[in-house]
Each structure stands twice: as C-alpha cells, then as structure tokens.
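Colleague: I would like to learn how to read a few features of a model. Let us start with sheets, then go on to helix packing and a single residue.

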Amino acid sequence: MKTEKTIKPANGYLMLLVVLILLVGGIVMTVNKDTPVYLLVSLIGFFGLFGFILVNPNTSKVILLFGKYVGTIKDNGLFWANPLYKKKTVSLRASNFDSERLKVNDKLGNPIMISTILVWRVTNTYKAAFDVDNYENFVRVQTDAAVRKLASMYPYDNFADEGHDEDITLRSSVNEVSEALEKEIDERLSIAGIEVLEARIGYLAYAQEIASAMLKRQQATAIVAARHKIVQGAVEMVEMALEELNKREIVQLDEERKAAMVSNLLVILCGDKEASPVVNTGTLSH
C-alpha cells in the first residue's frame, strides 16, 4: 500500500449500545447466576470500549494494524473499529506558517532580510504520515529552502544606471514573485502530500549593514529624477517664452541677448531658492 485509502468503519452509536449491553449484561448475569463465566462477556464489552474512534470536522484518523496501513477515516463522527488498531490524527485544516526572517543574498549579491507567509493543508494523509518523518517540520524546512533559492534568482531592485535592468524584482514584482514562490514550495511539499494554498513575501528589506547606504542611493536616484524633470520643464518654458516674444514682436533680441535670457530663466527655474530680481533702469546694453 503506497497510496491513501479512505475507509468508513462501523457506526459508533450502534456499537456503543452493543458494548454497553455486553458490559452491563455480563455483570448482571454474573451476579444473578453466581458464576464467573459471564465475566468473560463483560471483559469483551470492556475490550470493545477501546475500539471507538472520534473524528472531528476537518481532521482524519490514519489507521494501522501491527505496523500495516489499513486506511484513513475522513468522515467526521463517532465510529467503531478493531480495538487493536492504532490511530494517528492528521489535521486537514488549512494552516498558516510565518517563517523567520532569513538573511540571504539576492541575484546581485546584496544581503537582504526576507520572510514568507505560507498557507497550506494536507491532501494525502498517507504521504504526510509515512513518506516524511514530521510533516509540519518538513514544511518549515522546505519553505526556508525555497525562499533562499527564490531570493538568489531575482534582484531586490532595479539598477538600470549600473547596467542591471531586470524585468522582475523582489520589491516591485509582487505577483510574479509570489507565483514563483508558490510553485517552488508546492513542488517541494508534494512529496509529503501537502497542497500550497498561498505563498507570498511577508517581509523584505536590505540587511542592516547596507540599509543606510542603499537608502542614500535611493534618495540620490530620486533627486536625479526630480532634477531631470525640472530641467526638462524649464527648457520647454524657455522655448515657449522665446517663441511668444518673437511671435508678438514685443522686443527684438540678438543671439547674445537670447543666450543671456535663456541663462537667467534656467537659473530661476532650476534653482533651489527663489531668485532675487534686479531692476535694470537703463537699456538692454547697460
């Protein structure tokens, strides 16, 4: 037997009535007949008490007889089976697992801290009970191994300015990374008859030793991007100003005056502080 087998033992309520009749009836007959022979009936009834099996909702009982797998009871309720059967409880409920924060290296070699949140449940009680030593510990170990492998496959973030332009990153590609993580863990846990319902990154950050440096880098990248936007807008505004002046013929500017005007406007528009105006009471030449 290498696969799960579902069984349904005898009705427990009916057998409870039979066992009580044997137990009480044997005692009564022993007293009335004054013979110890009927004590054997009571002993049989007492021995039958060990055959009752209570299965709660979303749990199962794996049944063994002298080390041999008999089957699995998945229906909930009260049942009765051979008192010599050994019963092992395997939960079928969905379980949450929040892994510890692991320190690993991403694809670019940067140390990061990462953890995962996993939702799983047992679908094959035979594999969970016999193919692995402890299926709950197996889930923890294999999840950590899958997270380490996933982190090494993708960079934490994009570094296009350094020639590392990746389509999928741990920080921005949440759906793609979660899908890859779920697939990786599901392949590892299938040997234990466990189904992965959901897997996603629970915590992600740079390791402490490089966190401050990476924060400064992100700030510098944001500042450069903002400056680029400011300069682009300033150039467009200067171009529009020159076109409007020529179109309306308000003033005629030679190339030197245009260059001076462009320089002044760019300083005003791109500067961090407000410019202090200077009033020219002379001519354009003075």
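Colleague: Which strands form the open sheet with β3 in it, and in what order?

Modeller: Strands of a sheet pair through backbone hydrogen bonds, either parallel or antiparallel. In this predicted model, an open sheet of three strands runs in the order β4-β3-β6, and its pairing is antiparallel. Strands are DSSP runs of E of at least two residues, helices are runs of H or I of at least four, and both are numbered from the N terminus. Two strands pair if DSSP finds at least two bridges between them. At the edges are β4 (68-73) and β6 (86-91), each pairing on one side only. On average, neighbouring strands of this sheet are turned by 25 degrees against each other, direction ignored.

Colleague: Over how many bridges do β3 and β6 pair?

Modeller: Strand β3 (residues 59-65) pairs with β6 over six bridges, in the antiparallel sense. Isoleucine 63 stands opposite lysine 87 in β6.

Colleague: What is the order of the open sheet that contains β1?

Modeller: The order is β1-β5-β2, again with antiparallel pairing. Since β1 (10-11) and β2 (52-55) each have a single partner strand, one side of each is left without a neighbour in the sheet. Between β1 and strand β5 (residues 77-80) there are two bridges, and asparagine 11 stands opposite phenylalanine 79 in β5.

Colleague: How is helix packing read, and at what angle do α4 and α5 cross?

Modeller: Two packed helices are described by the angle between their axes and the distance between the axes. The axes of α4 (residues 135-153) and α5 (residues 174-189) come within 9 Å and cross at roughly 140 degrees. Axes are lines fitted to C-alpha atoms, for helices over the stretch in contact, with angles from 0 to 180 degrees between N-to-C directions. The two helices are therefore oblique to each other (under 35 degrees is roughly parallel, over 145 roughly antiparallel, 65 to 115 roughly perpendicular, the rest oblique).

Colleague: Is serine 115 buried or exposed?

Modeller: Serine 115, in strand β9 (residues 111-122), is buried, with a relative accessible area of 4%. Buried means under 20%, exposed over 50%, partly exposed in between, with a 1.4 Å probe and protein chains only. Leaving aside neighbours within four places in sequence, serine 115 has contacts (heavy atoms within 4.5 Å) that include Asp98, Arg101 and Tyr203.

Colleague: Which conventions apply?

Modeller: Residues are numbered from 1 along each chain as its sequence is written, and side-chain values use heavy atoms, leaving out hydrogens and water. Local features need pLDDT of at least 70 and side-chain atom pairs count only at pLDDT 80 or more, while totals for chains, interfaces and linings use all residues.
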